[in-house]
Amino acid sequence: MSEKASKPVKPVQDSLYAKREEIYPREVHGIFASWRVAMVFLTLGLYYILPWINWGEGRQALLFDLPNRKFNIFMMTLWPQDLIYLSALLIISALGLFLFTSVGGRLWCGYACPQTVWTEVFLWIERKIEGGRPQRMKLAKSPWNLNKVIKKGGKHLVWIAFSLWTGFTFVGYFSPIRELAVDFINWDLGPWETFWIFFYAFATYGNAGWLREQVCIYMCPYARFQSVMFDDNTLIISYDEMRGNPRGARKRGKEKPADKGDCIDCGLCVQACPTGIDIRDGLQYQCIACAACIDACDDVMEKMDYPKGLIRYTTLNEAKGKGLHIFRPRVFVYSAILFGLVVGMVWSLATRVPVGVDISRDRNILYREAPNGDLENVFTIKIMNQDDKAHNFVISIDGMPGAVLDPDEPETHVESGEIGETLIRIRAAEDIIKDRSTTITLRVTASDDEKLTDDEDTRFIAPADWFQK
Amino acid sequence: MSEIEEIPKIQRVVAVLWPSFLTSGVAMILFYWVFSPGEVFPELAASGVSNMAFYSATFLFLWLTTLTSCLLSCYFLRPCSRCND
């Protein structure tokens with residue numbers, strides 16, 4: 001660790017109601033910091049790269065094409081009617097969060113939350129321009145001079161540029177990003193695209209640059225209720241009071257004083273904390289489980305030649321000497337439900353046929369006599385083409401041998417994403433009508449692809465008095 | 001001092017801007033899930049207003065509405081004892 005510790009360190013986030021003091025988290029290195037950096041690259045890498053990937057010629061792989069009301073998700077095209085899948089995805093995500101939380105506590109907060117990963121990038125920029133924690137604190141206290149203007153101004157300029165890129169990418173998920181890029185370069189963006197780029201950029205700049213831990217404390221709904229998913233076997237970041245107390249400073253390399261625990265009270269765990277708490281006071285709502293304090297403390301323990309893990313991932317049961325139980329009924333139940341939902345959704349998506357049919361009967365007449373003396377029922381058929389190209393759909397009838405369609409082989413052309421409507425008559429001679437109401441099946445099939453097919457049942461109605469004898 | 005006074009300003013700002021943002025976003029998605037802008041505003045749609053404009057304007061309108069509601073909630077949450085001051 002290059003930065004020198006200063007003492008004493010008071011936790012900044014002492015009280016929820018106190019005026020907020022700026023937090024200058026100290027940079028830490030260690031296994032958890034490395035994990036976080038890896039997650040920053042993974043999550044933000046995906047975020048910035050995904051919209052540029054094409055699936056097939058000229059088709060953006062991931063595009064929530066709001067103007068045309070359709071969603072490209074790799075090889076699939078989903079329509080507003082498919083919102084059920086989005087709901088399923090949200091339920092799966094929520095359940096996944098329950099599972100991870102009950103096993104590993106706030107893993108999401110520490111490693112994957114957009115607020116965390118973007119803040120990490122903003123902090124990195126801040127460090128590169130303004131320096132480490134002591135330099136940043138010094139700069140903040142120093143009077144305004146050229147150096148301060150250059151450093152602070154430079155930092156904000158880089159932040160703003162990065163935010164604009166973020167906002168641009170965000171809009172690129174909703175409006176084709178390659179066209180958007182051309183429009184952006186020529187400064188020929190539509191008014192709403194411009195608005196949303198700046199809106200999202202402003203949100204990123206504000207949340208990751210200015211608000212930081214306040215987003216977690218005041219805005220995050222998950223932070224408020226995550227503790228209900230905890231039990232005594234949930235991994236939490238915890239200071240080993242038995243081993244650490246009583247705390248106290250000591251000389252390095254000397255024998256450990258008999259009246260002191262392992263905590264040398266250097267305060268590095270507090271300096272490293274991005275939300276400004278002291279983990280030694282116990283588990284707190286503000287802790288986002290980023291494990292920066294573990295990395296900071298392990299480093300110190302190593303230098304002192306003490307065993308690592310004075311602050312570590314542990315469970316309440318383990319701390320009480322009852323052992324570590326990761327796999328427990330709750331975990332199995334969450335996993336089973338999650339597995340079932342994922343399999344169900346994948347199966348449903350894989351077998352999804354992108355055509356839908358809806359039949360409605362002519363409301364005015366239940367039946368009527370055709371010119372040749374046959375009985376006739378009239379239906380309106382709506383065909384929803386959810387495929388990404390246009391098709392001709394042929395309608396056929398099943399379930400009533402001898403019944404015929406008029407027109408003969410009705411064929412309806414429906415554009416991609418559109419709903420086509422057609423009127424058909426079903427005719428049956430008196431001798432083949434066996435009942436007052438006969439269930440029939442109307443099938444709609446694309447003329448160029450017989451897999452694109454859907455059917456719906458309806459009823460053929462005959463006069464009641466025919467069957468009253 | 002009552003507790004409401006001790007709540008940091010940022011928390012109060014967040015309590016107005018943030019829930020209204022979330023709920024209006026969800027409301028906008030649900031609304032346009034059922035209706036397409038062309039069905040709701042046929043004349044405007046025919047005159048060339050883009051779907052993006054409909055979604056955005058609807059969202060902002062809803063946000064303004066829910067934001068007003070949040071503001072009023074905060075206003076009525078002020079302790080009654082202070083009305084006599």
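In this predicted model, helix α1 (residues 31–49) of chain A and helix α4 (residues 114–130) of chain A have axes that come within 10 Å and cross at roughly 105°. Because angles of 65 to 115 degrees count as roughly perpendicular, α1(A) is roughly perpendicular to α4(A). Two packed helices are described by the angle between their axes and the distance between the axes.

The residues that form this contact can be listed for each helix. On the α1(A) side they are A:R36, A:M39, A:V40, A:T43 and A:L44, and α4(A) contributes A:V117, A:E120 and A:V121.

Chain A has a radius of gyration of 33 Å, while the globule rule gives 23 Å for 469 residues, so the chain is more spread out than a compact globule. Its C-alpha trace spans about 110 × 60 × 40 Å along the principal axes. Of the 469 residues in chain A, 27% are buried. Among contacts in chain A with a separation of 6 or more, 69% are between residues 24 or more positions apart.

A:K148 lies in helix α6 (residues 146–171) of chain A. It counts as partly exposed because it has 14 C-beta neighbours inside 10 Å. Leaving aside residues up to four places away in sequence, A:K148 touches A:L139 and A:S142. A:Q226 is 78 residues from A:K148 in sequence, and their C-alpha atoms are 41 Å apart in space.

Key:
Residues numbered from 1 in each chain as written. Chains lettered and ligands numbered in written order. Predicted model: local features only at pLDDT ≥ 70, side-chain atom pairs only at ≥ 80, totals over all residues. Axes fitted to C-alpha atoms, helices over the stretch in contact; angles between N-to-C directions. Helix = DSSP H or I, 4+ residues; strand = E, 2+ residues; numbered from the N terminus. Parallel < 35°, antiparallel > 145°, perpendicular 65-115°, else oblique. Contact = placed C-beta atoms within 7 Å. Rg over C-alpha atoms; globule rule 2.2 N^0.38 Å. Buried ≥ 20, exposed ≤ 12 C-beta atoms within 10 Å, placed from the backbone.
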